[in-house]
Amino acid sequence: MTQALELPLLGLETDFPETLFLLFHPSSQKYGCFCHDGIHGLACFSNEQSAFRFAEWIDLSGMMTLEVDFDEAREVAKARPMPIISLMLLDNLNDPKIHYVR
């Protein structure tokens, strides 16, 4: 009898909010991204204030927030070029919630 091993996958046990905020730069069509422990991801936030605080770290003027649902945020993350492989909830930069999209 074969037995399946149950291994937790990072990001699958974490509930992301249904509504998320992304940072977007309209003139360059770039999104705010982040790298944590070598994992690159599209930055997302559960509220607009957290997104704007993160935008202060980005050396690009004119960033705006986009309010999207979780599925839309996943699609934006999937459409980003490599090395972006995840969607990262960055309400706490020291403990990001990671959802892999590829």
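**Strand β4 and its partners**

Mentor: Start with β4 and strand β6 (residues 84–89), which run parallel and are joined by five bridges. Keep in mind that this is a predicted model.

Trainee: How do β3 and β4 pair, then, and over how many bridges?

Mentor: Strand β3 (residues 33–36) pairs with β4 in the antiparallel sense, over four bridges. The two strands form a hairpin with two residues between them, and Asp37 there has a positive phi near 50°.

Trainee: What about β1, how many bridges join that strand to β4?

Mentor: Two bridges, and strand β1 (residues 19–25) runs antiparallel to β4. Leu22 is the residue opposite Cys44 of β4.

Trainee: Is β4 largely enclosed, or is it open?

Mentor: It is largely enclosed by the rest of the structure, because six of the seven residues of strand β4 (residues 39–45) are buried.

Trainee: Which residues is Ala43 in contact with, leaving aside neighbours within four places in sequence?

Mentor: They are Phe21, Leu22, Gly32, Cys33, Phe54, Met88 and Leu90. Take Gly32: Ala43 and Gly32 are 11 residues apart in sequence, and their C-alpha atoms are 5.6 Å apart in space.

Trainee: New topic, aromatics. How many aromatic pairs does a search of the whole structure find?

Mentor: It finds four. In one of them, the rings of Phe16 and Phe70 have centres 5.5 Å apart and planes at 55°, so that pair is tilted.

Trainee: Where in the chain do Phe16 and Phe70 lie?

Mentor: Phe16 is in the segment before β1 and Phe70 is in helix α2 (residues 70–79), so the pair ties together parts 54 residues apart in sequence. Both Phe16 and Phe70 are buried.

Trainee: And the pair of Phe34 and Phe54, why is that one called edge-to-face?

Mentor: Because the planes of the Phe34 and Phe54 rings are at 75°, and over 60 degrees counts as edge-to-face. Their centres are 5.8 Å apart. This pair also links distant parts of the chain, with Phe34 in strand β3 and Phe54 in helix α1 (residues 48–55), 20 residues apart.

Trainee: Is Phe54 buried or exposed?

Mentor: Phe54 is buried, with a relative accessible area of 9%. Phe54 also belongs to one aromatic cluster with Phe34 and Phe45.

Trainee: Now charges. How many salt bridges does the structure hold?

Mentor: Two. One is formed by Lys78 and Glu75, whose closest N and O atoms are 3.3 Å apart. Both residues lie in helix α2, three residues apart, which is about one turn of the helix.

Trainee: How accessible are Lys78 and Glu75?

Mentor: Lys78 is partly exposed, at 33% relative accessible area. Glu75 is also counted as partly exposed, at 46%.

Definitions and conventions
Residues are numbered from 1 along each chain as its sequence is written. This is a predicted model: local features need pLDDT of at least 70, side-chain atom pairs count only at pLDDT 80 or more; totals for chains, interfaces and linings use all residues. Side-chain values use heavy atoms; hydrogens and water are left out. Buried means under 20% relative accessible area, exposed over 50%, partly exposed in between (1.4 Å probe, protein chains only). Two strands pair if DSSP finds at least two bridges between them. Rings of Phe, Tyr and Trp (its six-membered ring) pair if their centres lie within 6.5 Å; planes under 30 degrees apart count as stacked, over 60 as edge-to-face and the rest as tilted. Contact means heavy atoms within 4.5 Å. A salt bridge is a side-chain nitrogen of Lys or Arg within 4 Å of a carboxyl oxygen of Asp or Glu.
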